[in-house]
Amino acid sequence: MFRPKMILCDLDGTLVDSVPDLAYCVDAMMARLGLPARGEAAVRDWVGNGVERLVRRALIGQLDGEPDEVLYQRAYPLFLELYSANTFNRSVIYPGVREGIDFMKSAGYRLGCITNKAARFTEPLLQHLGLFEDFGIVVSGDTLPRKKPDPLPLMHAAGHFGVAPEDALMIGDSVSDVSAARAAGFKIICTSYGYNHGQDIRDSQPDAVVDSLAELPGHLAPQA
Ligand SMILES: O=C(O)COP(=O)(O)O
Ligand SMILES: [Mg+2]
C-alpha cells in the first residue's frame, strides 16, 4: 500500500494512447520528405523522450543515433505543423483512466501531470480529452530546463504543492519515469500497457505495475 499526499501522472502511454496521431504525423512527415513510412509499431517504441527525439528517431529508423542535421532542420518544422493539426484526432484515453483519476480526486490526493510532450501540444490534448481540469499542475517537456529522466519536473511539482519526496508518487509507463522518480525520491507505479522502447517495464523494477488505473484503489491507502 502506498500513502502519498501527491500523485503525478505521465501522459503518453499512461493516460493517453497518443501513438495513432504521432505515427500519422511521422509518416506524413516522411512522405513529404520523400522517405519511407515507419508505421505505428515502430513509433510506439520511439515515444517518451519528447518531439525532437521522436523526429530524429523517425529519420534514422531506429531508437539510438543522430540523423543528418540539415535533414532534421527540414523535418522538425514539418512535424510540428502536422502534429499541431493532429494532436488529438486519433488519440484516446486508456480504459480505466477516468475511473482512476476520479478515485484519486475523491480520495483527496493532489494531482499533477508530468510529460515530456511539448507544452503547445500537452494542453490542447488534455483539454480535448477532458483531463486538463483534473490536474493542479501540468509540467511539459519544455516547461523547465530539463525533462524526465531528470528529476527536475517532479521536484518542481512537489515544491508547487509543498509535498516532501517521501510523500510523493509517480505513475508512468517508461524507464524515464522510473529514473526520474528514483532520482527525486518518489515511489513509482507503472502501467503495463504503455510505451517503453520495446522493453518490459518490469525490468526497470518500479514499485508496482498495474494493467489499468482502475486498479489504483487496491494500491493506495485511504488519506488520513
Ligand atoms: O515523448 C513525448 O513526447 C511524451 O512522452 P510522455 O508523456 O510519456 O512523457
Ligand atoms: Mg509515457
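Colleague: Which residues of H4 do Asp21, Leu22, Cys25, Val26, Ala28, Met29 and Arg32 in H1 meet?

Modeller: This is a predicted model, where local features need pLDDT of at least 70, side-chain atom pairs count only at pLDDT 80 or more, and totals for chains, interfaces and linings use all residues. Residues are numbered from 1 along each chain as written, and side-chain values use heavy atoms, without hydrogens and water. Contact means heavy atoms within 4.5 Å. By that rule, the H4 partners are Ala75, Leu78, Phe79, Glu81, Leu82 and Tyr83.

Colleague: How do the residues of that H1 contact with H4 divide?

Modeller: Ala, Val, Leu, Ile, Met, Phe, Trp, Tyr, Cys and Pro count as nonpolar, Asp, Glu, Lys and Arg as charged, and the others, Gly among them, as polar. The division is ten nonpolar, no polar and three charged.

Colleague: At roughly what angle do the axes of H1 and H4 cross?

Modeller: Helices are DSSP runs (H or I, at least four residues), numbered from the N terminus. Axes are lines fitted to C-alpha atoms over the stretch in contact, with angles from 0 to 180 degrees between N-to-C directions. The axes of H1 (residues 19–32) and H4 come within 9 Å and cross at roughly 135°.

Colleague: Which word describes how H3 lies to H4?

Modeller: The axes of H3 (residues 51–60) and H4 (residues 69–85) cross at roughly 125°. Angles under 35 degrees are roughly parallel, over 145 roughly antiparallel, 65 to 115 roughly perpendicular, and the rest oblique. Therefore H3 is to H4 oblique.

How values were computed
Chains are lettered from A and ligands numbered from 1 in the order in which they are written. Helices (H or I, at least four residues) and strands (E, at least two) are DSSP runs, numbered from the N terminus.
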